[in-house]
Amino acid sequence: MRADSLLPHLDAAYNLARWLTRDDHDAEDVVQEAFMRAFRYEHTLERAESGRAWLLAIVRNTCYTWLAKNRPADVVALDEESDAPAAPPESNPEVIVLQSAQAKLVNQALEELPVGYREVLVMRELEELTYKEIAEVAGIPIGTVMSRLARGRDLLKRALEKRMRRAS
Amino acid sequence: MSEEPLVARDATYYRAPEALRERLRASLAGAAREERRAYGWRLLGIGIAAAAAASITWSVALVTLAPGEPERIGEQVVTAHVRSLMAPNHLVDVTSADSHTVKPWFAGKLPFAPPVADYSQQGFELTGGRLDYIEGQPAAAITYRHRLHTVNLFVWPAKGHADAAPRTQTRQGYGLVGWVKGELRFCAISDMAPTDLVALADLVR
């Protein structure tokens with residue numbers, strides 16, 4: 001019964017796995033493995049505040065293990081320290097360009113972000129997790145969650161601008 | 001700083017394929033069966049050991065093992081909530097964001113009138129209602145949406161319980177808030193933190 005209570009979170013689990021592996025088939029494999037792990041560690045679920053965040057932490061760990069084995073190039077440490085500070089506010093024309101950006105371009109740009117930025121954006125904007133939940137799932141401080149979100153949004157915007165320019 | 005919802009607005013939300021859901025349901029059921037079998041053997045072992053002990057141990061054990069009321073109700077509420085989310089189309093029997101549609105729907109189906117109101121302005125959007133079953137009696141299940149979260153608010157007769165202020169608990173990762181008011185018992189449940197549900201409890205009360 002307890003493990004059944006995880007099934008309502010299946011879409012959230014799959015969405016995260018799909019964005020981290022960037023492949024339908026691999027996402028299915030990872031989710032299946034994650035659910036089996038979740039079932040084994042079920043006794044730790046009682047202490048969790050949110051069942052969804054608890055499951056997503058397991059899905060994320062399973063994804064990272066899978067990536068390390070199958071696509072080690074994807075798991076790179078983020079160079080947050082030396083990364084340039086966020087760009088000054090963009091001028092209006094670019095904002096307008098961005099607003100007309102198509103979903104396809106956003107998907108492509110998001111897929112190409114380093115996984116550390118991609119995952120916080122997916123958890124925050126698609127899953128609507130709180131900063132605290134993201135910090136727990138990703139095992140990083142809340143401050144880092146916020147700076148990665150800001151940096152991730154910034155990188156995404158730049159990547160989109162580049163694509164829009166190329167397309168026009 | 002305002003968030004720019006580029007991802008929220010334009011990125012794809014990938015839903016799990018139905019085949020995966022079916023596969024997981026089957027393998028989880030299998031795993032649970034294994035678990036129960038192992039548990040059964042353990043119980044048998046404990047039973048044999050205990051039978052050798054004095055009978056007084058038994059009565060003490062039985063008293064300790066009887067679950068408390070909040071636990072029992074919490075468990076039933078979690079089960080009902082999960083069931084409502086698992087079966088397609090089981091979440092609502094009457095779909096409406098209009099309290100004047102949902103409230104009369106319950107009339108004649110229940111021996112009491114649950115309070116039904118829409119709290120969209122405060123972030124809890126009424127989505128419908130259905131009949132459910134808690135503590136061996138018919139209950140109203142009123143459903144709300146809070147951002148992406150589905151909330152079930154169960155209401156059933158309090159059977160002589162005095163009014164009680166909201167109390168939160170977390171069970172199997174779900175947040176619950178229960179209270180008693182005007183001879184009705186209420187319990188709201190969702191996958192949000194229980195503290196977020198207290199806002200709904202305050203609105204309903």
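Two residues are in contact if their C-beta atoms, placed from the backbone, lie within 7 Å. The model is predicted.

Start in chain A, with helix 6 and helix 8. In helix 6 of chain A, the residues that meet helix 8 of chain A are A:Gly116, A:Tyr117, A:Val120, A:Leu121 and A:Arg124. Their counterparts in helix 8 of chain A are A:Val145, A:Arg148, A:Leu149, A:Arg151, A:Gly152 and A:Leu155. By class, this contact between helix 6 and helix 8 of chain A holds 6 nonpolar, 2 polar and 3 charged residues.

How is such a pair described? Two packed helices are characterised by the angle between their axes and the distance between the axes. For helix 6 and helix 8 of chain A, the angle is about 100 degrees. Their axes lie 9 Å apart. Angles of 65 to 115 degrees count as roughly perpendicular. Helix 6 and helix 8 of chain A are therefore roughly perpendicular to each other.

Now turn to helix 7 of chain A, residues 131-138. Its buried residues are A:Glu133, A:Ile134, A:Glu136, A:Val137 and A:Ala138. What covers them? The cover includes helix 3, helix 6 and helix 8 of chain A. After helix 7 of chain A comes A:Gly139, with a positive phi near 65 degrees.

Next, the interface. Contacts link 35 residues of chain A with 33 residues of chain B. On the chain A side, the elements giving two or more residues are helix 1 (10-21), helix 2 (24-40), helix 3 (51-70), helix 5 (103-112), helix 6 (115-126) and helix 8 (142-167) of chain A. The side of chain A that touches chain B comprises 18 nonpolar, 6 polar and 11 charged residues. The model scores ipTM 0.81 and pTM 0.54.

Move on to the strands of chain B. Strand 2 (residues 125-134) and strand 3 (residues 137-146) of chain B run antiparallel, joined by 9 bridges. B:Arg130 has B:Ala141 in strand 3 of chain B as its bridge partner. The two strands form a hairpin with 2 residues between them. In that turn, B:Glu135 has a positive phi of about 55 degrees.

Strand 3 of chain B also joins strand 4 (residues 149-157) of chain B, antiparallel, through 7 bridges. Here B:Tyr144 stands opposite B:Val151, and B:His146 stands opposite B:His149. Strand 3 and strand 4 of chain B form a hairpin, with 2 residues between them. B:Arg147 in the turn has a positive phi of about 50 degrees.

Where does strand 4 of chain B pair over 6 bridges? Its partner is strand 7 of chain B, in the antiparallel sense. Within this pairing, B:Phe154 has B:Cys187 in strand 7 of chain B as its bridge partner.

Last, confidence. Chain B averages a pLDDT of 80, and 78% of the residues score at least 70. Among the elements of chain B, strand 7 (residues 184-190) has the highest mean pLDDT, at 93. Helix 3 (residues 55-65) of chain B has the lowest, at 43. Over residues 54-67 of chain B, the pLDDT is below 50. Beyond near neighbours in sequence, this stretch has 3 contacts in the model. Where pLDDT is low, the predicted coordinates should not be read in detail.

Key:
Residues are numbered from 1 along each chain as its sequence is written. Chains are lettered from A and ligands numbered from 1 in the order in which they are written. This is a predicted model: local features need pLDDT of at least 70, side-chain atom pairs count only at pLDDT 80 or more; totals for chains, interfaces and linings use all residues. Helices (H or I, at least four residues) and strands (E, at least two) are DSSP runs, numbered from the N terminus. Ala, Val, Leu, Ile, Met, Phe, Trp, Tyr, Cys and Pro count as nonpolar, Asp, Glu, Lys and Arg as charged, and the others, Gly among them, as polar. pLDDT is the predictor's confidence in each residue, from 0 to 100. Axes are lines fitted to C-alpha atoms, for helices over the stretch in contact, and angles run from 0 to 180 degrees between N-to-C directions. Angles under 35 degrees count as roughly parallel, over 145 as roughly antiparallel, 65 to 115 as roughly perpendicular and the rest as oblique. Two strands pair if DSSP finds at least two bridges between them. A residue is buried if 20 or more other C-beta atoms lie within 10 Å of its own, exposed if 12 or fewer, and partly exposed in between; C-beta atoms are placed from the backbone.
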